[in-house]
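Welcome! Take a moment to look over the sequence and the 3D view, and then we will walk through a few features together.

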Amino acid sequence: MRRYHLLVLLFCAAWLAAGCASVVGNGGSPAGPTGPTLFSLTVSPASASVPGATTQQFSTKTSDGSNPALTWSVNGVAGGNATVGTISSTGLFAAPEFPPNRNTITVTAVETTDSTKSGSSSVTLQNPVPLITTVSPLTIPVGAFSLTISGAHFAQGATVFFGSAMLTTTWISSTELTATGTATAGEVGNISITVSNPNPGPVRSGAITAQVRGSNVSVSPATGSVRAGSTQQFVATVTNSTNAGVSWSVNGIPGGDATVGTIVGNGFYTAPPTVPSANNVTVTATSVADNTQSGNSAVSLLNPLPVLTSISPVAFTVGAFSITVDGSGFVNGAVVYFGSTALTTTFVSDTQLTATGTSATSQAGTVAVTVKNPNPGSAVSGALMAQVSVPNPNIKVSVSPSSITLRAGMTQTFTATVAGTTNTAVTWAIKGILGGDTLLGTIDINGNYQAPDNLPSPNPVTVTAISSADPTKSGNAAVSIQNPIPVLTSIAPGTIGTGAFQISLNGTGFVNTSTVSFGGVPLTVYYASPTLITAVGNVSAAGDVTVTVSNPNPGAGTSSGVIVHVTNIGNPVSASSAVRFLEQGSFGPNTESLNQVQSMGFDFYLQNQFASPLTAYRNPTEAYQIYNIESDYFLREIAMGDQLRGRTSLFLNELWVVGADKISDPLGFTNYLRTLDKDAFGNYLDIMKDVTLTPAMGHYLDMVNNDKPAIGQHANENYAREIMQLFTLGLNQLNIDGTPVLDSSGNPVPAYTQDDVMALGLAFTGWTYPTKPGAAQQKHNPEYYGGPMVSSDADHDVEAKTLLGQSIPAGQGAQADLDAALAIIFNHPNVGPFVGKQLILRLVTSNPSPAYVQRVATAFNSGSYTTGTGITYGTGNRGDMQATVAAVLLDAEARRGDSSTTAVATDGKLREPIVMEASIARAFHAQTDAGGFSNAGYRMEQNVFYPPTVFNYFPPVNPIQGSALNGPEFAIYDSVSSIERINFINNAVDGAIGSNTHLDFSPVINAGSPAQMMAWLNTLFLHGTMPDQMNTIILGAVNAVDPTNITGQAKAVIYLVTSSSMYQVQH
Amino acid sequence: MTHHSRRDFMRLSCCSAAGAALVGGLSKFGLVSALAQGTTDYKALVCIFLFGGNDANNMVIPIDAQGYANYQKARANMALPQNQVLPLQSGSQANFGLHPNMPELQSLFNNQKNLAVLANVGTLVQPTTQAQYKAYTNLPVNLYSHSDQQDQWQSAQLSGAQTAGWAGKVADSIQAAYNGSSQFPPILSINGNAIFCTGNTTRPFTMTPYSTPGLAGFDSSAASQARFQATQQLLTFDSGLSLVQSANTVAGEAVQYGVTLASALQNVSPLSTQFSNSYLSQQLRQVAQVIAVRSALGLGRQIFFCSAGGFDTHSDQLPQHVKLMSDLSQSMNSFYEATQELGVANNVTTFTLSEFSRTLQPGTNAGTDHAWGSHQLIQGGAVKGNAVYGTFPTLVLAGPDDAGNNGRWIPTTALDQYAATLASWFGVSNANLPTIFPNLSNFSTNNLGFMG
């Protein structure tokens, strides 16, 4: 600032001095007081310094006081020019914005009528005063920065000043400069940005104030409590610094220690196993760039939550007792409660307490036992129940029969005899578990025992009847379980190619120790259920092979044989092609199915799939809940040999939706799924007819008991609307390529009207539940699901109806009207493109081209699909599903992703969770009871059998935010489910999907180096498309695993590949 | 009244030395943060979407002689008895009543006066007469279709493909002014994705009523930490595949915001207000818990999305509707009490949406079918309650308000007006309303006046 003032002063002084000068006209000598009076013309100021783009007014004075007309020139040029400046007829000089190389010029005034009379002034042209209008950014972090300065009058060579510091400046134009520099912590605060032009006339611009922001560290959460031994992720946010790095400490100790807890590089804090005496600690993050900056979090360490896992004994008689409780998270000072009574408690360890007390007669019955930890963070465990009874030494319990042999899966009724009391009631337990469980067998309140599907351990099992009068008294029976005799009914697929193969065996009496003989060669067997096992092997020679199943002792037996045809014909395809084909047409590839498709080629594989025997659902037993069918469903996905039927059936199930929230009858739901299986490779019209008459759909969408309307009512519209909107036509009229037909205004044309809905509702009147065997049909049969709905013509509306512009004549019965209505709908031109596009969406891609849809719709309409090599699928009847499925899977657009040279970046689809789960299980040859799969699907927002509404888990059209693409499955991909997908993978890797699920990671573990492990996964999960960067990222993480821990390395690779979006999106 | 004394306490404790000492003493765990959170410039909108199409005809019933007679004649065997309907008392008038299983909301309307009813509101492109309907003049597309009407109610886009929701666009427009420094999204859905929550730039965070999403299976070992970092890197690297990128965006934000929210919620004090175990109640309980940590999230404006299902009552409606109305009443009431407990009752406005009402005429199996104009509920301390807004339809089949012969009411108030009234209260400028509600300018007023 001081320098600026000085310049101004100097400038003023020069100007004042110039004001006194005068110029003598025409070479005359200086005037003297005594000489002759000479004429002179004086120009004022006589000399001047003029900054660029400013003006200077010159004036003249004549010695004789005359006021002649004058001509002004600059460097002899009348009026001047742009280079040297211009001057007006009144002497107003305008300096050029930037001075010329020779910056001293002469301004001359000449009398217009007498050119000998003139005067002049010497003018020094200077650079203009620079002007800043904007500086960007105005907020500058500590550290390296760059600025853009906008304004005017920036001369080449101009310099940007940052406070007093000169910045490295680049001249862009007279209105823009850029500059770079480094801000120090000492400069934090407001700072002036100025620009100085170079000589001549180095004048500084006015200042614009910018702000240097110091870095600031904050830690989130700012306060918190962590229980002993638990963890907390802290996040440090460093603002205003280009270096976001922090170092972590606890109570000032870098990385913490065992007393106050430890914290690692990314803020992951692990509380100490026990709470220190001072239970408040401070977690600090310190900026790496500026260690004067730090942020804190105040953490209170709390005692852990006590968890109770068992108590011993469980049954007490009234009086003094001692009890041992086991669990975790116990701390010294914990108290055992017996009901509301605090017991005298001894701390044994953090997993065990012992306590003594006295129970009263008033406590007879069930008493809750809990453990309470002391402060800080005092908390009470969950409760376990103890039985308190008044002793009765006379009671004796016996069970009949006392010892039997029973085959797995069979049932036996036991009888209990209670002596010594009038209260002969008993409760039944297996090995101490009330009601038993699926591993030991179950027993109901009447003593009906159902042996488990597999041999229990220990075997024989003990069935116990416990006296209700005195639970300390009981009687036992021993049940020795034998294996069942296996029955093999079919094998899918019935034809296999040579090399590695997997077959699925359908039958009954299979156990988890069953063996499979493949022409005398034992196969590796994976047990799914008593009716379904899979077996894996390798075959080199073509021919027919007899396959049998054997069960070992106790109760050993062997099934009769079923023939499998082995062939070595085929049209081989690449591994990449085979993997993609199996992602689209099965529940995911494994090594064996990959080999089968590779060696047989698409067509032969497809033909075999269409011909494969159907894997049937088990008949629901009395104890079945929907949950059991869910497990059966996942077992089938994982193990069924007719995989393509399974995928097609799932497609149908997600189009013709029913939900177990309303169809809670296990037989009803099973029969519904069976209907879809049966028709999956048939004709769409049969699907329409069969599904319409399932009592499950009838109940779900209220067609059942939809009588002709009474006066003041209208026919139920629910099924009528949704069969058209959701199952067959869609809302708008479609072209054969699936695009909407547009009217003259460019708007879509509705496919049907409200009047059509109401007419169809009337056509669908007069149906009720099937009649139970042995019962007589009623107007409204009671809810029952053992067959198709039955008609009741008396309740059918017989008026004539108009549907979609076609007539249904008056006087027809319920069946005739239904057939007529479904035929009208089936023959509507929408059905082919509507169904075809949905099948593409479910199997292949979320964004098919109209041409692809048209090719599939054409196959649907003609009932026939012929490949480029002349192989024809389908019967030639409209609605043929085999032709439609083949058209979807074999289309060039489905196959173009097989090769990186033809792949398209927008192809593919987000895998739906329940298929993703099965794919992981199949790839790693899951040995599983499928427990846990259903819950995992629920957490990933696909609660199998419980879609929220008839609109399925996700809609066919779902624009992805921030993208022009459609993504139906993205409708159930949000903050919750995206994380849960990754957590499902975590469970899969950790063996935590369910207690009876084992995945075999040995192919990865045995692959060799981490790079070879990744190659194995790249082939099977990413069809060879893993980007180099992904490879590098994963290798980095795997290299952090102890190199001797091969399993750990394999699990890290599996986790990172399969949890990535590269896998979650099938592409 | 209790929230007045609460504010007094805050003023005293924050502005005096004694108060500062007290704050310091309490500052360890959460208590102070709950108290220190200013309520002066905080507003929340809480949407309860009734999926399936609520039968508003049996939620709000006329009880004057002519109105009830019309209702009873058309509703026939599905009419609720007049003496069981809960009267809504406005001054000396009681022309309407609530479903018999909604006593909590009756009390909010009559006593606290914090509940309003908006009658016969629906999707409308322009004011629509019966003649215009029958001539298909400028109607919303695909009336009576669940999916289309749900999307339209959530987006206020009545034709074409809906790409963003009106709440999302509302959040877009107020984000800079009210939530500028926040690192957490302004919209939280407790019920998964919904177009309602999606703006042109706003993307919602979602959570369940029971937990905050977070990655499992990591510990402090170097190998685990390396895997954690690799997981995050894999969510950000560019694969070049469109859908992979889209999935990465969702999952990457989920990881980031999940940590933020879990941290904020870790020490939140449980509410003493009791909620039922119903899914709706538990969603609203979670909303209240998140409102409790609004300061930690740095949010001055928040929008929440909750929902209830099961309203598509095509058969056996009466017993189902009893449960639905009872749950709605209890859940909304609990939530209102929770906002009182948190001192934000005047800052939080809760409102219902539903894709359509149902035919006044019963269908064949004691149910009703898809209709159009519906009644909605608005609740909160800032609501000018104790009033029925809009124009109640004439409950006559084929009467002046019927689109056909079955009692499908042509709406007399537009969704755009309803939503714009809420948006204005929330802070959206009049200039921005037409960009969010494209049909708003076709109606005589932007503001229905039910917000204070």
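Does helix 7 of chain A pass helix 11 of chain A in a left-handed or a right-handed crossing? The crossing is right-handed, and please keep in mind that this is a predicted model. The axes of the two helices come within 10 Å and cross at roughly 140°. Angles over 145 degrees would count as roughly antiparallel, so helix 7 of chain A is oblique to helix 11 of chain A.

On the helix 7 side, the contact is made by Tyr684(A), Leu685(A), Met688(A), Lys689(A) and Thr692(A). Helix 11 of chain A brings Leu818(A), Leu822(A) and Phe826(A). By class, this contact has six nonpolar, one polar and one charged residues.

Next, let's turn to where the chains meet. Here 82 residues of chain A are in contact with 70 residues of chain B. Helix 18 of chain A, residues 975-990, gives the most to the side of chain A that touches chain B, with eight residues. That side of chain A divides by class as follows:

| Class on the side of chain A | Residues |
|---|---|
| Nonpolar | 35 residues |
| Polar | 40 residues |

Our last stop is helix 22 of chain A, which covers residues 1046-1059. This helix has 14 residues and reaches 20 Å from its first C-alpha to its last, close to the 20 Å expected at 1.5 Å a residue. Because 11 of its 14 residues are buried, helix 22 of chain A is largely enclosed by the rest of the structure. Among the buried residues are Lys1051(A), Ile1054(A), Tyr1055(A) and Ser1059(A).

Notes. Residues are numbered from 1 along each chain as its sequence is written. Chains are lettered from A and ligands numbered from 1 in the order in which they are written. This is a predicted model: local features need pLDDT of at least 70, side-chain atom pairs count only at pLDDT 80 or more; totals for chains, interfaces and linings use all residues. Axes are lines fitted to C-alpha atoms, for helices over the stretch in contact, and angles run from 0 to 180 degrees between N-to-C directions. Helices (H or I, at least four residues) and strands (E, at least two) are DSSP runs, numbered from the N terminus. Angles under 35 degrees count as roughly parallel, over 145 as roughly antiparallel, 65 to 115 as roughly perpendicular and the rest as oblique. A crossing is left-handed if the near helix is turned anticlockwise from the far one by less than a right angle, and right-handed if clockwise. Two residues are in contact if their C-beta atoms, placed from the backbone, lie within 7 Å. Ala, Val, Leu, Ile, Met, Phe, Trp, Tyr, Cys and Pro count as nonpolar, Asp, Glu, Lys and Arg as charged, and the others, Gly among them, as polar. The expected span of a helix is 1.5 Å times one less than its number of residues. A residue is buried if 20 or more other C-beta atoms lie within 10 Å of its own, exposed if 12 or fewer, and partly exposed in between; C-beta atoms are placed from the backbone.
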